[in-house]
Amino acid sequence: MEYKYDLNEKTLYIDENRIPAYSLEKNEIGNCTSCDSILVSLSYHAFGETIAVITKCTSCGAFYANIYDSDWNWMDEVLITLLPIPIPISNPVVDSWEELKAVPIKKLEAVFSKGEIEALFARAKDKTPVRQYLYRARKKYELFEEIFDLRLEL
């Protein structure tokens, strides 16, 4: 059987079976087979008549699944592989006059008022914007990014 573990979701995969954790309790489980240091539990998973405790070595960082029967009798230890952690790609950043000019006006109008848009363009041109409008516009940056996947940093 192939054991894989998702560190983000604390989920164990045995072959194609997805087994979510029922506990995230931290306990000392035993000693590492590689370096004899302490193994600490990360999560507990029940499947069939067995329980898998995912552990990490405090010294060498190896990950294991310690397998127990339903009466907590130790059965086996399996080295596990970690699933790759996705790296979020950040949204494109609009932080200059040229980049702001390239944003369709309809997108800006969907979130910002006319005064706020004027303040954004003034700020992008290094001119003095109406402070009140720029302040209001900056409060809406997160909403704009959520809707259009463009991050404003003006």
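The dialogue below discusses nonpolar cores and salt bridges in a predicted model.

Colleague: How many residues does the largest nonpolar core have, and which of them have the most contacts inside it?

Modeller: In soluble globular proteins, nonpolar side chains tend to be buried together. Here the largest nonpolar core has 18 residues. Those with the most contacts inside this core are L100, L108, F112, L120, Y141, F144 and L152.

Colleague: Which helices each supply at least two residues of this core?

Modeller: They are α2 (105-111), α3 (114-124), α4 (131-139) and α5 (141-148). Helix α3 gives the most, with 5 residues.

Colleague: Which residues does L100 touch, not counting those up to four places away in sequence?

Modeller: On that count, L100 touches V94, L108, L120, F121, A124, L152 and L154. There is also a second, separate core of 14 residues, with I14, I19, F47 and I54 among them.

Colleague: I turn now to charged residues. How many salt bridges are there?

Modeller: Side chains of opposite charge can pair when their charged atoms come close. The count in this model is 5 salt bridges. One of these joins K114 and E118, with 3.9 Å from N to O. Both residues lie in helix α3, 4 residues apart, about one turn of the helix.

Colleague: Is E145, which forms a salt bridge with R151, buried or exposed?

Modeller: E145 counts as buried because its relative accessibility is 16%, and buried means under 20%. The closest N and O atoms of E145 and R151 are 3.3 Å apart. By contrast, K114 counts as exposed, at 66% relative accessibility, and E118 is partly exposed, at 48%.

Definitions and conventions: Residues are numbered from 1 along each chain as its sequence is written. This is a predicted model: local features need pLDDT of at least 70, side-chain atom pairs count only at pLDDT 80 or more; totals for chains, interfaces and linings use all residues. Side-chain values use heavy atoms; hydrogens and water are left out. A nonpolar core is a set of buried Ala, Val, Leu, Ile, Met, Phe, Trp, Tyr and Cys residues joined through side-chain atoms within 4.5 Å. Buried means under 20% relative accessible area, exposed over 50%, partly exposed in between (1.4 Å probe, protein chains only). Contact means heavy atoms within 4.5 Å. A salt bridge is a side-chain nitrogen of Lys or Arg within 4 Å of a carboxyl oxygen of Asp or Glu.
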